[in-house]
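These notes follow a reading of the coordinates alongside the sequence.

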Amino acid sequence: MASESPGIGRHYLRYSSANILVLLAGLVSFPIMTRLLDNTQYGILGYYDTWVLLAVAVAKLGAQHSILRFYPHGGDEAALRTFSTNLFYLPLLVSLALWTITGAGIVITDWFVGATQSPVFWMAMLMTPLMVYSSLVETVLRATERSRMVMITRVAWRYLQLALMVGAVAAIQYTALAAYAGKLAAALIGIAFYFTWTRRNLVFSRQTLDPGSLKQSMAFGMPLVATEMLAVALVSIDRLMLKGLSGDFAVVGIYSIGAGLAMQVHMFMNLTVFESFTPMANRLYVTETAEAVRALKRKVLLPMTYAAVGVSILLVCLGTDVIIALSGNGKAASGPVFAVMGATNALFPVMLVCGYGLMLEKRTRTVLALGCTSVVLNTLLNLVLIPRYGVMGAAWATVGSSVAAAVGHCMLVSPALRQFPDRRTLALAGIAGVVAVGCAWGVLGIGLKPGWSRLILGGAMIGGPYLATLLLLDPRLRAMIPLRRKVAAVSGESLVG
């Protein structure tokens with residue numbers, strides 16, 4: 001199977017472009033869906049999405065991690081057949097068997113106890129193997145560095161899902177059932193394309209079947225599966241506990257709106273960086289030294305720290321205005337949730353880059369332990385905070401447990417790999433932050449109407465002085481501006497000439 005290697009810069013451009021386009025789709029779908037669905041229906045949609053995420057995390061059996069780790073780069077056709085058979089198709093077959101047994105068990109149990117599952121539940125059940133298959137195919141594409149295809153399929157799938165979900169809700173009925181039917185239809189179309197690609201590029205061969213390879217794959221991947229499940233649980237447990245402690249889907253809907261939009265911040269600030277940073281960090285660690293990884297971190301942390309602090313200040317000040325602008329005054333209760341969780345998601349990648357290295361050191365048990373600790377802490381905080389503070393209690397529980405996990409990574413990683421932003425960067429970010437907060441106080445005090453007017457004017461009056469302060473005080477940041485570099489290069493050529 002041929003693979004392209006366009007370089008880290010082009011990979012970053014493609015992944016960032018894809019994530020921005022997916023983010024824009026979310027910004028389009030969010031106001032439409034929150035206006036079409038009431039809090040209860042939106043809560044049902046978020047509730048079953050949570051269970052699908054958990055089911056998919058288990059059903060992949062860690063195969064996605066093994067695909068990335070054991071893909072036979074430079075191997076011949078025989079090696080590729082062995083890989084495809086034992087690390088792609090065999091885990092899929094085992095996963096499908098487990099899904100079939102689980103579904104049959106639910107049907108039999110319901111028949112004995114006289115229970116009836118909702119149609120949305122069965123749609124979520126059908127969605128699970130489809131998402132497992134698509135995830136493994138995309139992992140193969142990433143392993144072979146086909147970032148262009150990943151970009152195209154990721155964006156096309158998201159916009160198809162947007163069109164079919166909104167179309168189903170608008171044309172059929174304003175319910176979570178109609179929305180899920182649209183999502184399922186989009187998944188079936190996406191799977192049809194992936195299936196065509198898989199038949200051409202991943203060959204199954206009975207002669208190369210090796211159950212031992214599956215055992216090796218699971219031994220490597222299952223600890224990471226547990227970590228992935230814990231990460232999903234950390235994101236999802238608030239919704240489940242809000243439903244359990246309040247018994248009200250409307251409360252879950254209020255939380256889901258704010259947390260769902262905050263997840264878009266996570267995707268924009270975190271995923272794109274690590275899709276590009278992680279492969280380069282691994283290569284530097286293997287081919288050079290830990291100091292090379294720290295040098296890469298220093299290079300990344302300069303602009304990342306400035307961006308994270310600025311975005312977090314904007315979200316704290318104007319998060320509710322974003323919700324009102326996108327979804328109307330009726331969803332304003334979700335604003336504080338988005339402000340708190342969005343600001344945390346903006347700062348979180350900085351802490352993760354600082355503490356990145358446990359996977360390089362193959363300390364997966366430590367990663368798993370940190371995930372367990374974070375989920376337990378989140379659960380305990382929810383038990384204490386939700387009865388007292390309701391929806392905001394769940395938000396603060398997620399913030400507290402996420403920060404604890406990030407701090408744990410920084411504390412436990414080897415000092416040879418640990419790297420924080422330098423003091424100058426932190427000091428300048430603090431100075432610019434004080435300027436921005438002062439401007440925010442002025443914006444919020446002049447009585448602008450909540451929503452678009454305060455969002456647009458306030459964003460300019462807060463973000464503009466923040467950026468201007470940094471550009472004025474830090475020549476390193478000025479040197480990163482592409483236009484400035486181009487002008488400097490042209491001027492230098494003129495002087496030489």
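1. Helix 14 and helix 15 are roughly antiparallel to each other, a label used for angles over 145 degrees, where under 35 counts as roughly parallel, 65 to 115 as roughly perpendicular and the rest as oblique. The axes of helix 14 (residues 423-445) and helix 15 (residues 452-473) cross at roughly 150 degrees and come within 9 Å; these axes are lines fitted to C-alpha atoms over the stretch in contact, and the angles run from 0 to 180 degrees between N-to-C directions. Helix 14 passes helix 15 in a right-handed crossing, that is, with the near helix turned clockwise from the far one by less than a right angle, anticlockwise being left-handed.

2. The contact of this pair (heavy atoms within 4.5 Å) involves, on the side of helix 14, residues including Leu428, Ile431, Val435, Cys439 and Val443, and on the side of helix 15, residues including Gly458, Met461, Pro465, Tyr466 and Leu470. The residues of the contact of helix 14 with helix 15 divide into 16 nonpolar, 3 polar and 2 charged; here Ala, Val, Leu, Ile, Met, Phe, Trp, Tyr, Cys and Pro count as nonpolar, Asp, Glu, Lys and Arg as charged, and the others, Gly among them, as polar. Arg424 of helix 14 and Arg454 of helix 15 are among the residues that make the contact.

3. On provenance, this is a predicted model, in which local features need pLDDT of at least 70 and side-chain atom pairs count only at pLDDT 80 or more, whereas totals for chains, interfaces and linings use all residues. Residues are numbered from 1 along each chain as its sequence is written, and side-chain values use heavy atoms, with hydrogens and water left out.

4. As to the overall fold, the secondary structure of the protein comes to 17 helices and 0 strands, both taken as DSSP runs numbered from the N terminus (H or I of at least four residues for helices, E of at least two for strands). The radius of gyration is 24 Å, close to the 23 Å that the globule rule gives for 497 residues, so the protein is as compact as a globular protein of that length; the radius is taken over C-alpha atoms, and the rule is 2.2 Å times the number of residues to the power 0.38. Along the principal axes, the C-alpha atoms fill a box of roughly 70 × 55 × 40 Å.

5. Of the 497 residues, 49% count as buried, meaning under 20% relative accessible area, with exposed over 50% and partly exposed in between (1.4 Å probe, protein chains only). Among the contacts with a separation of 6 or more, 82% are accounted for by residues 24 or more positions apart.

6. Helix 12 (residues 364-389) and helix 13 (residues 391-412) pack at an angle of about 155 degrees, with their axes 8 Å apart, and are therefore roughly antiparallel to each other. Helix 12 passes helix 13 in a right-handed crossing, and the residues of their contact divide into 15 nonpolar, 11 polar and no charged.

7. Two residues illustrate this region. Ser374, in helix 12, counts as buried at 4% relative accessibility and, leaving aside its neighbours within four places in sequence, is in contact with Leu234, Ser401, Ser402 and Ala405. His409, in helix 13, also counts as buried, at 19% relative accessibility, and touches Gly355, Leu358, Val367 and Leu370, not counting residues up to four places away in sequence.

8. Helix 10 (residues 290-327) and helix 11 (residues 335-354) pack at an angle of about 175 degrees with their axes 7 Å apart, and this pair is therefore roughly antiparallel. By class, the contact of helix 10 with helix 11 has 19 nonpolar, 6 polar and 1 charged residues.

9. Helix 9 (residues 249-287) holds Leu271, which counts as partly exposed at 37% relative accessibility, and also Ser276, which counts as buried at 5%. Leaving aside its neighbours within four places in sequence, Leu271 is in contact with Asn19 and His266, and its C-alpha atom is separated by 8.6 Å from that of Ser16, 255 residues apart along the chain. The C-alpha atoms of Ser276 and Lys362, 86 residues apart along the chain, are separated by 20 Å.

10. Finally, Gly62 lies in the loop between helix 2 (39-59) and helix 3 (63-70) and counts as buried at 0% relative accessibility. Gly62 and Ile431 are 369 residues apart in sequence and 45 Å apart in space, C-alpha to C-alpha.
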